[in-house]
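Student: Could we go through this structure together, taking the pairing of charged side chains and then the packing of helices?

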Amino acid sequence: MLSAVMKYIKIVDVMNYRIGRVVMYGIFVMMAILLWSSISKTFFVPSLWTLEVAQFAMVAYYMLGGPYSIQMGSNVRMDLLYGEWSDHRKAQIDAMTVIFLIVYLIFLLWGGWESFQYSISYGGERSSSVWRPYLWPIKAIMLVGIFLMLLQAISEFLKDVLRIKGHDMGAKV
């Protein structure tokens, strides 16, 4: 049982680490899109697609980078008391609070799936902007991001449980 849990943690952590390292360069893609938007508005005819594509890029950056952020411990937490606690106490509190995150992500995944199905079922839901892109691709990216975040939250929960039981999982960040 322990080896299966450790294998799950390793697979999820490696996968989300690699995805996160690739996705973090998406900020440059977003900057390039917005730079082109500024240039085209100043010197040429304004591009209709740039702001919406920048929004889609931001969603992909945020949703696919979230699991990496959780894994690296760079998520926001109230550090007033947390920073002074022992690793064992941190693991106990985190194990309880990550359950709320897991439940939230399950509901978010369910709602995202329903929204994705709606988008596909009517011949492709389109944005109400002038450019009118299909919305299903960004909804699919959101679903993948939520699913990866759920896998990472479960991994963090398992790591916390192992820390509570005395296994060395490294210090809590």
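Tutor: R163 is buried, and D160 is buried as well, where buried means under 20% relative accessible area with a 1.4 Å probe and protein chains only. This is a predicted model, in which local features need pLDDT of at least 70 and side-chain atom pairs count only at pLDDT 80 or more, while totals for chains, interfaces and linings use all residues. Residues are numbered from 1 along each chain as its sequence is written, and side-chain values use heavy atoms, with hydrogens and water left out.

Student: Which residue forms a salt bridge with R163?

Tutor: A salt bridge is a side-chain nitrogen of Lys or Arg within 4 Å of a carboxyl oxygen of Asp or Glu. The closest N and O atoms of the pair are 3.3 Å apart. The partner of R163 is D160.

Student: Which residues do salt bridges that share partners join into one network?

Tutor: K159 forms a salt bridge with D13, with the closest N and O atoms 2.8 Å apart; K159 lies in helix α6 and D13 in helix α1, so this pair ties together parts that are 146 residues apart in sequence. The side chains of E156 and K159 also meet in a salt bridge, at 2.8 Å from N to O. The network therefore consists of D13, E156 and K159.

Student: Is E156 buried or exposed?

Tutor: The relative accessibility of E156 is 9%. Because of that value, E156 counts as buried.

Student: At roughly what angle do the axes of helix α1 and helix α6 cross?

Tutor: Two packed helices are described by the angle between their axes and the distance between the axes. Axes are lines fitted to C-alpha atoms, for helices over the stretch in contact, and angles run from 0 to 180 degrees between N-to-C directions. The axes of α1 (residues 2-23) and α6 (residues 136-164) come within 9 Å, and they cross at roughly 135°.

Student: How many nonpolar residues does the contact of α1 with α6 have?

Tutor: The contact, meaning heavy atoms within 4.5 Å, includes L2, V5 and D13 of α1 and L148, L151 and K159 of α6. By class, the contact has three polar and three charged residues, and the number of nonpolar residues is 13.

Terms used:
Helix = DSSP H or I, 4+ residues; strand = E, 2+ residues; numbered from the N terminus. Nonpolar A, V, L, I, M, F, W, Y, C, P; charged D, E, K, R; others polar. Buried < 20%, exposed > 50% of the residue type's maximum accessible area, 1.4 Å probe, protein only.
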